[in-house]
Amino acid sequence: MIKAVIFDVDGTLAETEEVHRIAFNRAFAEAGLDWRWDEDLYRRLLKVTGGKERIAHFLEISGGPSLTPEQIAALHKAKTAAYTAMAESGEILLRPGVASLLDALTQAGILLAIATTTSLPNIEALLSSALGEDWRGRFSALAAGDMVAQKKPAPDVYQLALSQLDLPAQACVAIEDSRNGVRAARAAGLRTIAVRSAYCAQDDLSEAELVLEDSRALTFGVLATF
């Protein structure tokens, strides 16, 4: 039986990407920029992990104004503030079946962990709203994008999570929703289950050991077979 399950956040624990898209657009408007990322564009931009990296990539492909790293960071900080405000207000719910799965794993003595490219404030806002103020105590490891040198598809966040868990990759399973996430988990030596999400529905997830179309299909029984 596995000893720990390591969860991605955006698209996996919750369908957050549309809220992220809205938050980016709010930050752009507040900064006086006439950019607007629609759903199709944002879906393409998600191939680049990390919010600051995504803005920089958008500038490259759009021929937009040249912004310094400091200006990009300030823009991303405003976006994070917009996102966390929406998350804290309860606008984002966990995906169907996730809350009961977390409970079942905990009751079975299986450790919970997080490995995500999103930043810590985003995680805190989402999970404190969805799971309560004591959410942090439910997770034995927390590896976020601002804690590592390279973001997914590099394996850094998963390697950090494994280090915090003090477990070998063979004793754990990763849960992901995107190709970059699956590649990161596999590069860290983890068996991986992929659950399709709204914005990554068309991603090639073939490197995962199991691909599920609906979060409700990700049950304790499924994980017990790994």
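**Entry 1: the cavity**

I looked up the largest cavity and found it lined by F7, T12, R95, G97, V98, L101, I175, V195, S215 and L218. On a 1 Å grid over the protein atoms alone, a cavity is a set of points where a 1.4 Å probe fits but cannot get out, and lining residues have an atom within 4 Å of a point. This is a predicted model, where local features need pLDDT of at least 70, side-chain atom pairs count only at pLDDT 80 or more, and totals for chains, interfaces and linings use all residues. My residue numbers start from 1 along each chain as its sequence is written, and side-chain values use heavy atoms, with hydrogens and water left out.

My search of the whole structure turned up 1 cavity of 30 Å³ or more. The volume of the largest cavity is about 70 Å³ (the space filled by probe spheres set on the grid points, which are joined across faces, edges and corners). I sorted its lining by class and got 6 nonpolar, 3 polar and 1 charged residues. Ala, Val, Leu, Ile, Met, Phe, Trp, Tyr, Cys and Pro count as nonpolar, Asp, Glu, Lys and Arg as charged, and the others, Gly among them, as polar.

**Entry 2: the pocket**

Next I checked the largest pocket, with a volume of about 550 Å³. A pocket is an open set of points with protein on both sides within 12 Å along at least five of seven lines. I found 38 residues in its lining, and D10, T49, G50, R54 and T117 lie nearest the centre. Two or more lining residues come from each of α1 (17-30), α2 (39-45), α3 (51-62), α4 (69-88), α6 (120-131) and α8 (179-187). Helices (H or I, at least four residues) and strands (E, at least two) are DSSP runs, numbered from the N terminus. By class, I noted 7 nonpolar, 14 polar and 17 charged residues in this pocket's lining.

**Entry 3: helices against α4**

How do α1 and α4 cross? Their axes come within 8 Å and cross at roughly 130°. Axes are lines fitted to C-alpha atoms, for helices over the stretch in contact, and angles run from 0 to 180 degrees between N-to-C directions. I therefore wrote down α1 and α4 as oblique to each other. Angles under 35 degrees count as roughly parallel, over 145 as roughly antiparallel, 65 to 115 as roughly perpendicular and the rest as oblique. On the α1 side of the contact I listed V19, H20, I22, A23, F24, R26, A27, F28 and E30, which meet L75, H76, A78, K79, A82, Y83 and M86 in α4. Contact means heavy atoms within 4.5 Å. The residues of this contact divide into 11 nonpolar, 2 polar and 3 charged.

For α3 and α4, I got an angle of about 120°, with the axes 9 Å apart. This pair is therefore oblique too. G51, K52, I55, A56 and L59 of α3 make the contact with I72, A73, L75 and H76 of α4.

With α6, the angle to α4 is about 10° and the axes are 8 Å apart. That makes α4 roughly parallel to α6. Here K79, T80, Y83, T84, A87 and E88 in α4 meet P121, N122, A125, L126 and S129 in α6.

I found a cis peptide bond from K152 to P153, with omega near 15°. P153 sits in the loop between β3 (141-143) and α7 (156-165). I also noted D166, a residue other than glycine with a positive phi, near 60°. D166 lies in the loop between α7 and β4 (172-176).
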